[in-house]
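Here are a few exercises to work through with the structure open beside you. Try each task yourself before you read the solution.

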Amino acid sequence: MTRSRLTAFVLPLALAGFLLTAGGTTAQSRQPSQSPVDISPGAIRFDPTLPRLEVSYGHSDLDLEYIRKDAADSNGCGTRNHEETEEAVVRPGTGHVTLAGVRYELEQFHFHTPSEHRFAGRADPLEMHFVHRSAAGKLLVIGVPLRAGAASPVDRVLARLAPECGETVALADFDLNTLLPRDRGTLRYNGSLTTAPFTEGVQWFLMAERTVSPATIARFQGLFGDGNARSPQPLNGRRLTAVPQI
Ligand SMILES: [Zn+2]
């Protein structure tokens with residue numbers, strides 16, 4: 001009884017102290033800049049003067065593998081964790097992007113269901129993320145939503161999914177360029193990784209939708225019955241910048 005009364009008294013004091021510290025001049029609290037986000041049209045501004053994202057993708061052998069997040073769990077091989085995914089590892093040096101003179105090497109691309117980014121509350125069935133890293137370690141991710149329609153080269157990647165704790169799926173001499181939409185216009189914002197440790201400072205470049213066959217979507221959704229997408233995070237005043245293809 002005494003102890004619970006003491007706890008009830010001390011906790012609000014501790015909370016007040018924390019708030020005072022966070023609001024002080026030396027420790028200004030900063031709003032989180034997390035990903036993904038739900039993009040409302042009002043948060044988008046148009047700026048054709050920003051530097052172009054130059055995409056230089058070539059051909060690569062791919063290793064499609066299942067990325068585990070539950071290796072310590074003895075039942076993990078049969079358990080779908082929402083941060084797990086199917087990831088295609090590309091050969092070093094086969095793809096990169098350049099932004100304002102800085103080169104970012106393509107390391108891998110992977111998939112989420114449903115899409116992590118939403119537009120005016122609407123999600124797509126799948127989303128592809130192409131993860132690039134600069135020599136200084138800065139991350140740049142291209143996001144491409146996928147919806148049901150005509151088959152595309154993306155279907156070839158997801159034709160056979162790598163099982164958790166099983167063999168990787170090898171794809172020889174894949175033309176990476178065919179995975180992106182023709183329109184290289186981008187919607188840009190600063191965010192974070194969408195899986196732990198949710199590190200911020202990630203430059204996001206969202207591109208136009210591509211289509212895959214309904215069978216491909218069903219196969220991927222069948223693997224991740226509860227989805228493997230993080231829910232949208234608050235924009236906290238961030239704006240997105242639309243840069244058209246020039
Ligand atoms: Zn991702």
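**Exercise 1.** Does F198 count as buried, exposed or partly exposed, and why?

*Solution.* Before starting, note that this is a predicted model, where local features need pLDDT of at least 70, side-chain atom pairs count only at pLDDT 80 or more, and totals for chains, interfaces and linings use all residues. Residues are numbered from 1 along each chain as its sequence is written.

Start with the rule: a residue is buried if 20 or more other C-beta atoms, placed from the backbone, lie within 10 Å of its own, exposed if 12 or fewer, and partly exposed in between. F198 has 15 C-beta neighbours inside 10 Å, so F198 counts as partly exposed. Next, find F198 in the loop between β12 and β13. Helices (H or I, at least four residues) and strands (E, at least two) are DSSP runs, numbered from the N terminus. Last, check the backbone: phi of F198 is near 55 degrees, a positive value in a residue other than glycine. Most residues other than glycine have a negative phi, and most peptide bonds are trans.

**Exercise 2.** Work out where A100 sits and how it is classed.

*Solution.* Look in the loop between β6 (95-99) and β7 (102-112), and you'll find A100 there.

**Exercise 3.** Find two cis peptide bonds.

*Solution.* One joins S35 and P36, with omega about 0 degrees. P36 is in the loop between α1 (2-23) and β1 (38-39). Another joins A196 and P197, with omega about 10 degrees. P197 lies in the loop between β12 and β13.

**Exercise 4.** Which strands pair with β4, and over how many bridges?

*Solution.* Two strands pair if DSSP finds at least two bridges between them. Take β11 (residues 169-175) to begin with: β4 (residues 59-67) pairs with it in the antiparallel sense over five bridges. Within that pairing, L64 has V169 as its bridge partner. Now turn to β5 (residues 85-90), which is antiparallel to β4 and joined to it by six bridges. Here E65 stands opposite E87.

**Exercise 5.** Which residues have the most contacts inside the largest nonpolar core?

*Solution.* A nonpolar core is a set of buried Ala, Val, Leu, Ile, Met, Phe, Trp, Tyr and Cys residues joined through C-beta atoms within 7 Å. The largest one has 39 residues, and M128, V154 and F205 have the most contacts inside it. Strand β10 (residues 139-148) gives the core its largest share, five residues. Now zoom in on V154: setting aside neighbours within four places in sequence, V154 is in contact (C-beta atoms, placed from the backbone, within 7 Å) with M128, L146, L179, R210 and V212.

**Exercise 6.** What does P181 touch, not counting residues up to four places away in sequence?

*Solution.* First, locate P181 in the loop between β11 and β12 (186-192). Its contacts are V144, M207, A208 and R210. P181 and R210 are 29 residues apart in sequence, yet 6.2 Å apart in space, C-alpha to C-alpha.

**Exercise 7.** How confident is the predictor about the chain?

*Solution.* The chain's mean is 90, and 88% of its residues reach 70 or more. Over residues 1-27, though, pLDDT is below 50, and beyond near neighbours in sequence this stretch has four contacts in the model. Where pLDDT is low, the predicted coordinates should not be read in detail.

Notes:
pLDDT = per-residue confidence, 0-100. Contact = placed C-beta atoms within 7 Å.
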